[in-house]
Amino acid sequence: TNAAEHCKSLIYQIEQHNLSFTVETVVPSNTNFSSRITYKNIDHLYIRVAKIDKSKYEKLSEKTYGDILYTKVFNAAEKVYEFNKELPADPDFNSHSVELILNKISEPGFYVLFISNNEKFTFNSGLAAYKPFTVSNISYARQVLYDGSYRFFVADRITGEPMKGVKCQLWYSKYNYT
């Protein structure tokens with residue numbers, strides 16, 4: 001009946017697994033950092049931090065997306081560390097969030113955080129996602145002046161002290177609609 005089909009659909013929605021997370025775009029080196037993880041009907045997570053060349057990542061991202069992009073990024077990134085984490089058990093079928101503290105990374109560069117509910121980090125047979133982030137101790141603020149020029153303030157990300165002798169290079173891209 002229609003009611004039975006509606007009930008099956010509702011059960012599927014209630015029991016569906018869900019996983020998402022956030023991580024800061026730039027994190028300081030030699031400092032533990034956090035990721036906020038939102039999950040539903042998952043009891044265990046596998047976490048991997050991996051390093052990848054930024055230009056290689058951008059090239060992979062140009063023409064691919066979805067599971068193909070995920071697989072290419074996962075295979076191209078060099079593992080820095082990984083671990084697994086048991087999540088608090090709560091069989092109420094609602095979404096929950098936890099903040100996970102990740103180990104510090106000493107070397108500045110471009111990294112990717114992978115989180116999955118399966119040990120092999122496979123995209124098609126489980127839940128898996130990634131987010132890129134940068135490790136840097138440099139912070140900056142920019143100001144657009146009335147004449148169209150820019151003024152930059154470059155500082156240490158931890159102390160806020162100005163960095164002296166820094167050279168900035170400005171570039172932009174413009175989409176060509178034709």
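## Phe121 and its loop

Phe121 lies in the loop between strand 7 and strand 8 (128–135). The model described here is predicted. Although Phe121 is not a glycine, its phi is positive, at about 55°. Is Phe121 buried or exposed? Its relative accessibility is 3%, and under 20% counts as buried, so Phe121 is buried.

Phe121 also belongs to a cluster of rings.

## Aromatic pairs

A pair of aromatic rings is described by two values, the distance of the centres and the angle of the planes. The count for this model comes to 14 aromatic pairs. One of them is formed by Tyr70 and Phe114, with 5.8 Å centre to centre and 85° between the planes, an edge-to-face arrangement. Tyr70 is in helix 3 (residues 66–76) and Phe114 is in strand 7 (residues 109–116), so this pair ties together parts that are 44 residues apart in sequence. Tyr70 counts as buried because its relative accessibility is 3%. Phe114 also counts as buried, with a relative accessibility of 0%.

Phe114 has a ring pair with Phe74 as well: the centres are 5.0 Å apart and the planes stand at 80°, and planes over 60 degrees apart count as edge-to-face, so this pair is edge-to-face. It links distant parts of the chain, since Phe74 belongs to helix 3 and Phe114 to strand 7, 40 residues apart. Phe74 and Phe114 are both buried.

## A charge over a ring

Which residue lies over the face of Phe21? Lys131 does, at 5.4 Å from the ring centre.

## The loop between strands 2 and 3

Ser29 is found in the loop that runs between strand 2 (26–27) and strand 3 (33–40). With 6% relative accessibility, Ser29 counts as buried. Its side chain is joined to the side chain of Asn137 by a polar contact of 2.8 Å.

Asn30 lies in the loop between strand 2 and strand 3 too. Asn30 has a positive phi of about 55°, although it is not a glycine. Phe121, in the loop between strand 7 and strand 8, likewise has a positive phi of about 55°.

## The largest pocket

The largest pocket holds about 720 Å³ of space. It is lined by 19 residues, and those closest to its centre are Ile138, Tyr140, Cys168, Gln169 and Trp171. Two elements give two or more residues to the lining: strand 9 (138–144) and strand 10 (150–156). Which element gives the most to the lining of this pocket? Strand 9 does, with 4 residues.

Sorted by class, the lining has 10 nonpolar, 5 polar and 4 charged residues. In this scheme Tyr, Trp and Cys count as nonpolar, so Tyr140, Cys168 and Trp171, which are among the residues closest to the pocket centre, fall in the nonpolar class.

Conventions:
Residues are numbered from 1 along each chain as its sequence is written. This is a predicted model: local features need pLDDT of at least 70, side-chain atom pairs count only at pLDDT 80 or more; totals for chains, interfaces and linings use all residues. Side-chain values use heavy atoms; hydrogens and water are left out. On a 1 Å grid over the protein atoms alone, a cavity is a set of points where a 1.4 Å probe fits but cannot get out, and a pocket is an open set with protein on both sides within 12 Å along at least five of seven lines; lining residues have an atom within 4 Å of a point. Grid points are joined across faces, edges and corners, and a volume is the space filled by probe spheres set on the points. Rings of Phe, Tyr and Trp (its six-membered ring) pair if their centres lie within 6.5 Å; planes under 30 degrees apart count as stacked, over 60 as edge-to-face and the rest as tilted. Buried means under 20% relative accessible area, exposed over 50%, partly exposed in between (1.4 Å probe, protein chains only). A charge sits over a ring if NZ of Lys or CZ of Arg is within 6 Å of the ring centre and within 35 degrees of the ring normal. A polar contact is a pair of N or O atoms within 3.5 Å; within protein, one must be able to donate a hydrogen and the other to accept it, and residues adjacent in sequence count only if both atoms are side-chain atoms.
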